[in-house]
Amino acid sequence: MARNLLQYRLGPGVEAFTAGRETPLPYPVTQGHQVHGTRIAIIDRPGLTREDLEGYDAFITDFQGIAIGARTADCTPVLLYDPVRRVIAAVHSGWRGTVRMISRKALTVMEEHFRTNAADVLAVIGPCIGPDSFQVGVEVVEQFREAGFPMQDIWSDKGPGDGSPMSGGHHIDLFKANKWILEGSGLRPGNIQVYAIDTYSDHSFYSARREGVGCGRNINSIKLV
């Protein structure tokens with residue numbers, strides 16, 4: 001097994017993982033050209049390329065054997081599995097996608113197209129930039145506040161800081177924010193696995209904030225088997 005391949009357990013019939021720094025994929029993964037938006041693609045055939053999926057940030061399929069994936073480098077990956085209807089989703093939820101609740105939109109598409117019941121869905125929130133590292137401006141804080149997030153749970157003001165990187169200032173917890181979205185969308189709390197690994201501080205994973213936006217990407221994949 002590759003050193004930086006983080007495998008998730010979502011029960012029989014599905015495989016899911018995050019491939020970190022310099023980790024070869026175990027098989028091809030359908031990926032899109034993400035733009036921090038909320039467009040959602042239903043993958044209905046194999047062989048789709050990133051060019052075919054220009055401008056999409058979430059991917060849903062009920063095709064067995066097609067791995068779908070979200071590319072991240074500090075953004076939050078959310079993987080969803082409906083074991084009853086046999087449907088999966090891979091969601092790229094950066095802070096902008098989180099504010100706009102892209103995971104909730106993906107669940108709505110699953111419900112409308114595949115009759116998914118959110119209470120059946122199992123979810124993984126994978127590695128992303130952690131709350132101690134995700135320092136933001138007040139304008140970002142206000143976007144979360146205006147969107148109705150529970151600020152007492154996801155936001156902290158760490159004061160002036162000590163001069164070290166990411167110390168002080170406003171911080172947002174994307175793990176808690178995305179878990180709140182999923183629970184509010186009808187998922188059972190016990191069906192949500194949170195892998196609170198900070199991609200900024202853990203060098204096993206790519207981090208755009210640490211390395212620059214031109215760095216590699218962590219691939220977060222899910223496949224029906």
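I looked up Lys158 first: its relative accessibility is 40%, so I noted it as partly exposed (buried is under 20% relative accessible area, exposed over 50%, partly exposed in between, with a 1.4 Å probe and protein chains only). The model is predicted; local features need pLDDT of at least 70, side-chain atom pairs count only at pLDDT 80 or more, and totals for chains, interfaces and linings use all residues. Numbering runs from 1 along each chain as its sequence is written, and side-chain values use heavy atoms, without hydrogens and water.

**Salt bridges**

I counted six salt bridges (a side-chain nitrogen of Lys or Arg within 4 Å of a carboxyl oxygen of Asp or Glu). Lys158 pairs with Asp132 at 3.7 Å, N to O. Lys158 sits in the loop between β10 and β11 and Asp132 in the loop between β8 and β9, so this pair ties together parts 26 residues apart in sequence. (Helices, H or I, of at least four residues and strands, E, of at least two are DSSP runs, numbered from the N terminus.) Asp132 is exposed, at 55%.

Next I checked Arg21. Its salt bridge with Glu211 has its closest N and O atoms 2.6 Å apart. Arg21 lies in the loop between β2 and β3 and Glu211 in helix α6, so parts 190 residues apart in sequence are tied together. Glu211 is partly exposed, at 35% relative accessibility.

Then I took Lys179 and Glu183, which meet at 2.4 Å, N to O. Both are in helix α5, four residues apart, so about one helical turn separates them. Lys179 is partly exposed at 24%, and Glu183 is partly exposed at 31%. I also noted one network, in which salt bridges with shared partners join Arg21, Arg210 and Glu211.
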